[in-house]
Amino acid sequence: MSTQPDLLYSEEEEALRAAVRDLLADHCDAPGVIARTESDAPHDLAAWKALADGMGLAGLLVPEERGGQGATHREAAVVLEELGRAVAPVPYLTSAVVATEALLGCETDGGLLAELASGRKIGALAVALNVGPGGAYRVVRHEDGALHGELTAVADAAVADVLLVPADDGGLYAVDADAVTLTPQVSLDLTRPLATVTLDGAPGRLLGDAEPAVRRALRAGAGLLASEQLGLADWTLTETVRHLKDRKQFNRPVGGFQALKHRLAQLWLEVVNLRAAARNAADALATGEDADVAVAVGQAYAAPVAVHAAEEALQLHGGIGMTWEHPVHLYLKRAKADSIAYGTAGAHREALAELVDLRAP
Amino acid sequence: MIDAAELRRRTAELLAAHPPATTDRLDFLRARFDAGLAWVHYPEGLGGLGAPRSLQVVVDAELEAAGAPDNDPRRIGIGLGMAAPTILKYGTEEQKRRYLRPLWTGEEVWCQLFSEPGAGSDLAALGTRAVREGDDWVVNGQKVWTSSAHLARWAILIARTDPDVPKHAGITYFLCDMTDPGIEVRPLRQITGEAEFNEVFISDVRIPDSRRLGEVGDGWRVAQTTLNNERVAIGGMRLPREGGMIGPVSTTWRERPGLRTHDLHQRLLKLWVDAEVARLTGERLRQQLVAGQPGPEGAGMKLAFARLNQEISGLEVELRGEEGLLYDDWTMRRPELVDFTGRDAGYRYLRSKGNSIEGGTSEVLLNIVAERVLGLPSEPRTDKDVAWKDLSR
């Protein structure tokens with residue numbers, strides 16, 4: 001590699017982080033998020049409006065001349081770190097990253113890009129959340145100018161205004177949510193719920209070839225998901241350390257016991273590593289240099305660390321961690337679902353075997 | 001004000017007065033020291049010019065381009081990295097003038113007499129005794145894990161001068177003459193077959209009080225300077241992708257498909273990812289230092305590399321199958337330098353076992369991270385207010 005990636009945060013990025021954290025402190029407190037998960041509206045559309053409309057963050061990846069902010073994946077990654085810290089139930093990764101990247105990868109966006117960038121519309125790529133970059137995905141039938149079929153496990157589809165649907169003719173189609181049937185699926189991750197999309201002769205507007213658009217979208221999704229996982233792991237570590245300094249058993253703070261200190265120190269080390277891996281993936285997506293390897297390394301490392309952090313947080317909180325009332329379960333569910341989203345760690349390692357020429361027997 | 005241009009000017013002057021092609025190596029090194037270009041951040045008269053440390057690279061680059069000899073820093077690492085900063089901070093003017101010049105030129109090699117058989121992680125419990133007799137201190141005891149002792153002219157030594165106070169308070173720091181007849185150096189053979197280190201037996205060694213460094217009883221504080229510099233010296237280098245131990249095993253994997261199994265493939269890919277991420281973490285740390293925002297991340301680097309070196313070399317032995325059952329050479333040797341990549345996988349596997357012990361065990365480093373970075377409570381201590389002589393051992 002000729003140049004080194006920039007793995008730090010700029011002053012502007014730190015300012016962006018502070019602004020998003022402030023906003024989420026107002027909108028997405030833990031009891032509110034927990035209560036919302038069992039309501040009819042698990043997504044927090046007020047928080048989304050504040051992020052997209054108020055701060056213009058849905059358009060970070062869109063060039064200014066196409067109605068966006070003209071920023072890069074580095075800034076979007078910082079937003080995702082904060083959304084991960086709050087397990088915020090907003091369609092940022094799915095609409096402002098994945099659907100947006102899919103549109104950027106199409107010959108035409110039919111004016112949708114500007115609508116997504118402004119937050120006027122929410123978009124969702126109608127590919128199951130578990131599919132990674134280069135993975136096989138389901139398509140619908142394109143017949144007589146209309147689309148037919150059923151697609152499952154589409155994240156945040158319930159709040160989408162427009163779906164980007166791959167069809168059997170190789171095209172990617174924009175379909176209005178009003179023209180399809182959206183059925184919520186009971187999801188492991190309460191804060192990023194899935195839905196089934198049923199198309200029964202729905203009209204679609206052809207955007208371009210599905211294959212490159214979907215691949216590009218899933219690569220960005222997998223790479224920036226690492227930053228969400230970083231935020232999530234960072235929150236669980238910080239919160240667990242705080243709890244263990246506070247919680248007393250045997251007439252001592254529990255955090256003074258060496259068996260637990262070593263586990264937390266180990267976790268800290270993993271989070272430090274994850275920060276470098278996630279920054280590297282975001283920087284590589286921004287520059288386009290070495291992006292395939294950086295994304296695969298980032299996601300192969302991030303997925304198990306986020307799960308480990310959430311599992312340790314639950315165990316080290318003891319009984320309170322097992323209650324519905326304490327938010328740690330939201331993080332565990334998000335972390336576990338994230339470890340499947342956009343390709344498992346194993347799938348990304350398999351991709352690496354090709355990318356860095358360490359081939360299977 | 002000494003800036004890069006001024007350093008270039010002075011370096012050119014040095015090179016003109018002492019052309020490397022026609023100057024004796026040692027004469028050149030002495031002249032470089034006297035010109036203040038040895039370590040530019042040291043004070044004038046002591047090999048430096050009081051310039052910013054970051055400007056050293058300017059001098060080094062000019063000298064390297066001119067084909068000037070260096071002081072073989074790997075051979076005298078303990079002197080340069082540990083003894084020198086401690087002497088600079090705590091030494092008398094006389095001590096600094098006497099010791100720093102031959103230390104830097106490599107004329108006098110230094111070693112470190114700190115660890116003892118009974119004082120490893122708990123270094124402050126050390127039992128080597130120094131008793132005052134007139135103008136001298138008479139020292140008796142045993143030290144261990146001393147690299148370069150068999151080559152050394154001098155040692156930095158910590159010894160117990162007062163057994164009646166708590167352990168941290170009764171230690172004094174000395175500069176010890178390794179040619180004293182009371183010093184016996186024995187090679188300490190290790191699991192690799194060779195002997196990088198020594199045991200040092202100290203019997204009635206007389207050290208004049210003028211070779212005491214710092215105040216009597218203040219040796220623990222003085223030793224912190226030495227130990228902090230040891231941790232600075234470990235880690236911090238820039239690696240390319242596959243630059244560490246993952247390199248040789250990846251090459252073997254590519255070149256010898258017949259050795260591949262599915263199980264090894266999964267494990268190799270995991271370790272490859274871990275090694276790449278550790279490399280990125282090191283790079284991020286470096287970028288933080290350059291930007292003047294040092295973080296606590298450095299504390300974790302040694303932990304990460306110890307584990308990686310051990311797991312990767314272990315995998316490599318397994319991958320080699322029948323060859324993994326062999327070892328290149330068990331002959332007892334005394335290497336001058338530690339070379340992790342110059343030998344076979346079996347050697348790397350055995351030598352890297354020391355990576356989680358030397359320079360602070362991984363267990364102690366985890367405590368340090370937990371307490372100093374995460375702010376968790378320290379262990380309940382039973383040794384803080386007890387006189388050293390009353391500690392259990």
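Two residues are taken to be in contact when their C-beta atoms, placed from the backbone, lie within 7 Å. By this criterion, the contact between the chains draws on 34 residues from chain A and 36 residues from chain B. Helices H7 (210-246), H8 (258-287), H9 (291-317) and H11 (345-355) of chain A each supply at least two residues to the side of chain A that touches chain B; helices (H or I, at least four residues) and strands (E, at least two) are DSSP runs, numbered from the N terminus. H8(A) gives the most to this side, with 14 residues. By class, the side of chain A that touches chain B holds 21 nonpolar, eight polar and five charged residues, where Ala, Val, Leu, Ile, Met, Phe, Trp, Tyr, Cys and Pro count as nonpolar, Asp, Glu, Lys and Arg as charged, and the others, Gly among them, as polar.

The model is predicted: local features need pLDDT of at least 70, side-chain atom pairs count only at pLDDT 80 or more, and totals for chains, interfaces and linings use all residues. Residues are numbered from 1 along each chain as its sequence is written, while chains are lettered from A and ligands numbered from 1 in the order in which they are written.

Turning to the sheet, four strands of chain A form an open sheet in the order E1-E4-E5-E8, with mixed pairing; two strands pair if DSSP finds at least two bridges between them. Strands E1 (123-125) and E8 (205-209) of chain A are the edges, each pairing on one side only. Within the sheet, E4 (residues 162-166) and E5 (residues 171-176) of chain A pair in the antiparallel sense over five bridges, and A:Val165 stands opposite A:Tyr173 in E5(A).
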